[in-house]
Amino acid sequence: MKMFRVLDDSAARHHGTVSTISRVLQLANELRANGVKLNTESYEHILSAYAKRGDVSRAYSLLKQMEGEGITPSREYCQKALQLAAKTGDTIVQAKMLHAMEQLGYHKTTKTYHYMLLCMRQNLELERALDTLETMKRANLVPGLLSYLTVIDMALHLREPSIACDILDEAEKLDTFREKDKVLYMQLLRCAAVEGHYTTVRATWKKAVMECGFDPDEGLCLYVLHLAGKHNDPKLAGDVIRIIGELGYTYRECHFAPLLDAFASTGDIANTFKVFSSMRKIGIIPDKKTALPVAYKIGRDINAIHKAKEALQDMADRGEPVDVTAFNLVIHAFAFNRKYDDAISLYGQAKRLGVAPNSETLDATLDACIHCKDAELGVSIYQECVSRGIKASATSLSKMVTLMCTQEDYEDAFTYLERMKKLNMIPLRGCYFKLVKTLSRANDPRLDIALEDMRAYGYDTSTHMHEFMEREEEKRDLAHLV
C-alpha cells in the first residue's frame, strides 16, 4: 500500500522517474529486511515505477524474479507488462510475456489482443494485425472499439484506404461506436481520394459529407472531382460541384472539367452541353480549351457528332439555352471529320438555335472552309461575323491567310497578313508555313520576304519545309531542261 502512495505522490508532485524507482525499490528492500514477503501486487507497483520512465526491459525479469520467490504472477501484472511493451513497441518482451501467460494458463482476452494490436501499430505490422483480428473472430472474441480504431489508424497511416474502410465498416456496427468517431469518415475519404481509390471515395463521400454533414476542404473536393471524371461518375461530380457552392468556395474552371469529362464519357451529350450553360451563369466563360474533354470523347465518331448536333436542336426546341461553346464544338468536330457541308449548315442554324456566334465560331467555320477550299464562302462568313461586331483574332486572320493560300489567286493572303501587322498581332506559325509553301510552289519572288518575316516572329524553318522548297526548285529545273 505504501508503494502505491509513493507512486501516487510521485505523479502528483511530478517527481523524476529515477527518484520514484529508487524510492519504490528502497521500500521493497525494507520489506524484505523486515521479513515481509513481497506479493504480486508489490511487483505490479514496481513495474508501474519502471513504466513511468518507459523501461520495459525489466517486465520479464521481474516476472522470473516472482517465480523464483514462489509468487505466481497475476493476470493483472502480465496485462500491465503487455501494455508497457505495446507503448514502446517492444515485440520481444511482449512475446515473452505472452508465452509466460500461456504457461500460467491465462487465456488471451479481448484486452490481451488489444495490447498486442497496439504493439503492432507501433511497428506498423498491418498484415499481422489483420491476422490477429481474424484470430479473435475464430475464438468468438469481439474486438473492442479501441482495437478497431488502432488498426484503422495504422491502415490510414500506411495509405491503405480499402483496408481501413473494411475495418471501419466492422467498427461502426459496435454499440460503443461514438458520434465523435465518425470523423474517421473524413480521414478515410481524404486518404482514399489522394490514393485514387474510387470505390472507397464514392462510398465514403456519401457517409462523411452527405449523411454526417462534414465539410470537405477545396483540395479534397478537387481530388474527388478528378476521380469522378476519371471513372465516368457524373452524379458524384455533380454532388461535389453542389457542395463547393454551398461551402462558399469560388467556382473555377478546374471544378467543371471533371464533370464535363464524366458526362461526356457516359454519352450523355445533352447534360454535357448543359454544364457549359451552368458555368456561364456563375461567371465562368467556357471556351475551346474547356471543351477539350468533350472533343476527345466524340473525336472521330461521326455518329456521336450527329447525336451532339441533335442534342443542340432538342435543347433549342425545349426552350433551353444552347451555349455557344457547345455549338462551336460540334462545328469544329464536323470540320475535323471532313463533313464540311454539315459544319457550314450548323453555322447557318445559329439564329434558330438562339446562339450568338463569337470568334471561336468563326475559327471553327473557317476550318471547314479551308478543308473544302471554298474561299468565297470563307470570306462571306468572315465579313458577316465582323459586321456583327465579332473582333477577328490572330487565329481568325491566320486562318484567312491559310484559306487564301488554297486558291490559285492567293494575293489576298497578303492583305490579311498586313492587317495582322497593323493590329500588332502575331500571325500563327501554321499560316506562314502554308504561305511559304504556296509561294515556293508558284516561284513567287516574295518567298524570301516571307521567310524573313517568319524568322522575325521567332519561327524557324523546319527540315520538312526546306525539303519541300528544294523539291519545288528541282521540279522547275527539270521543267526548264525539258
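# Notebook: a predicted helical model

**Entry 1. Helix H9.** I began with helix H9, which is mostly covered, as 10 of its 13 residues are buried. I note here that the model is predicted. Helix H9 runs over residues 145-157. From its first C-alpha to its last I get 18 Å, close to the 18 Å expected at 1.5 Å a residue. I then listed the buried residues of H9: Leu 145, Ser 147, Tyr 148, Leu 149, Thr 150, Val 151, Ile 152, Met 154, Ala 155 and Leu 156.

Entry 2. I looked up the annotations next. In the model, the span 218-349 is 74% helix and 0% strand, and its end C-alpha atoms lie 40 Å apart. I checked residues 323-357: the end C-alpha atoms lie 10 Å apart, and the span is 74% helix and 0% strand.

**Entry 3. Aromatic pairs.** I searched the whole structure for aromatic pairs and found five. Tyr 382 and Tyr 416 form one of them, edge-to-face, with 5.6 Å centre to centre and 85° between the planes. An angle over 60 degrees is what counts as edge-to-face. What does this pair tie together? Tyr 382 lies in helix H23 (residues 375-387) and Tyr 416 in helix H25 (residues 412-422), so the pair ties together parts that are 34 residues apart in sequence. Both Tyr 382 and Tyr 416 are buried.

I then took the pair of Tyr 432 and Tyr 457, which is tilted, at 6.0 Å centre to centre and 40° between the planes. This pair links distant parts of the chain, 25 residues apart. Tyr 432 is in helix H26 (residues 429-441), while Tyr 457 is in the loop between helix H27 (447-456) and helix H28 (463-481). Are these two residues buried or exposed? Tyr 432 counts as buried because its relative accessibility is 0%, and the cut-off for buried is under 20%. Tyr 457 has 28% relative accessibility, so I put it down as partly exposed. Tyr 432 and Tyr 457 also belong to one aromatic cluster with Tyr 459.

**Entry 4. The largest pocket.** I recorded a volume of about 300 Å³ for the largest pocket. Its lining has 17 residues, and those nearest the centre are Lys 288, Ala 295, Leu 329, His 332 and Ala 333. Which elements give two or more residues to this lining? They are helix H17 (292-298), helix H19 (324-336) and helix H22 (359-371). H19 gives the most, with six residues. Sorting the lining by type, I get nine nonpolar, four polar and four charged residues.

**Entry 5. Positive phi values.** Asn 232 is not a glycine, yet its phi is near 55°. Asn 232 sits in the loop between helix H13 (218-230) and helix H14 (234-246). Its relative accessible area is 35%, so Asn 232 is partly exposed. Arg 338, also not a glycine, has a positive phi of about 65°. Arg 338 lies in the loop between H19 and helix H20 (340-348). Arg 338 counts as exposed because its relative accessibility is 60%, and the cut-off for exposed is over 50%.

Conventions: Residues numbered from 1 in each chain as written. Predicted model: local features only at pLDDT ≥ 70, side-chain atom pairs only at ≥ 80, totals over all residues. Heavy atoms only, no water. Helix = DSSP H or I, 4+ residues; strand = E, 2+ residues; numbered from the N terminus. Phe/Tyr/Trp six-rings, centres within 6.5 Å; stacked < 30°, edge-to-face > 60°. Buried < 20%, exposed > 50% of the residue type's maximum accessible area, 1.4 Å probe, protein only. 1 Å grid on protein atoms, 1.4 Å probe; cavity = no way out; pocket = protein on both sides within 12 Å on 5 of 7 lines; lining within 4 Å. Points joined across faces, edges and corners; volume = space filled by probe spheres on them. Nonpolar A, V, L, I, M, F, W, Y, C, P; charged D, E, K, R; others polar. Expected span 1.5 Å × (residues − 1).
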